[in-house]
Amino acid sequence: AAASCMEVVWLRDLVSELGARQECIRILEDNQGVVYLTHGQKDTSRSGHFRRPQVYVENLVGEGFVWLDRTETDFNPADIFTKGVEPAKKFGYLRDVIT
């Protein structure tokens with residue numbers, strides 16, 4: 001989530017330099033734990049090793065730059081780029097979502 005947020009901030013700055021104003025950007029995440037952590041709803045002793053990136057994303061959410069929402073793994077459009085998508089019906093669905 002932190003890497004995605006860094007890219008979104010960079011792209012938002014680029015677009016604003018071109019004269020277009022961006023509102024809050026929605027990021028879909030298929031990991032419910034990440035969504036809870038970034039919204040401050042959950043904190044565990046096992047999340048200490050990535051506390052700095054977590055705080056970065058929490059700050060972006062708090063400032064209204066980005067918003068993380070939960071999406072089901074079966075309906076996550078990013079899966080077409082990161083995973084082997086089977087069966088062909090699911091591939092067709094994801095292809096239609098991103099076009």
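**Figure 1. Y93 and its helix.** Y93 sits in helix α5, which spans residues 88-98. This is a predicted model, and in it Y93 comes out as partly exposed, with a relative accessible area of 37%.

Figure 2. Which helix gives the most to the nonpolar patch? Helix α5 does, with 3 residues.

**Figure 3. The salt bridge between D69 and R26.** Here D69 pairs up with R26, and their closest N and O atoms are 2.8 Å apart. D69 belongs to strand β2 (residues 66-70) and R26 to strand β1, so the pair ties together parts that are 43 residues apart in sequence. If you were hoping for a list of such pairs, the count comes to 1 salt bridge. As for the general idea, side chains of opposite charge can pair when their charged atoms come close.

**Figure 4. How open the two partners are.** Is R26 buried or exposed? R26 counts as exposed, because its relative accessibility is 56% and the cut-off for exposed is over 50%. D69, at a relative accessible area of 23%, is partly exposed.

**Figure 5. The largest pocket.** R26 turns up again here, as one of the residues lining the largest pocket. The volume of this pocket is about 210 Å³. Strand β1 (residues 25-29) gives the largest share of the lining, 4 residues. Also in the lining are A1, S4 and D30, along with N76, P77 and A78. Sorted by class, the lining has 5 nonpolar, 3 charged and 2 polar residues. Rolling a probe the size of a water molecule over the atoms shows where empty space is left.

**Figure 6. The whole chain, for orientation.** Stepping back, the chain has 5 helices and 2 strands. Follow the sequence along and they come in the pattern α-β-α-α-β-α-α. How many of the residues count as buried? Of the 99 residues of the chain, 25% do.

How values were computed
Residues numbered from 1 in each chain as written. Predicted model: local features only at pLDDT ≥ 70, side-chain atom pairs only at ≥ 80, totals over all residues. Heavy atoms only, no water. Buried < 20%, exposed > 50% of the residue type's maximum accessible area, 1.4 Å probe, protein only. 1 Å grid on protein atoms, 1.4 Å probe; cavity = no way out; pocket = protein on both sides within 12 Å on 5 of 7 lines; lining within 4 Å. Points joined across faces, edges and corners; volume = space filled by probe spheres on them. Nonpolar A, V, L, I, M, F, W, Y, C, P; charged D, E, K, R; others polar. Salt bridge = Lys/Arg side-chain N within 4 Å of Asp/Glu carboxyl O.
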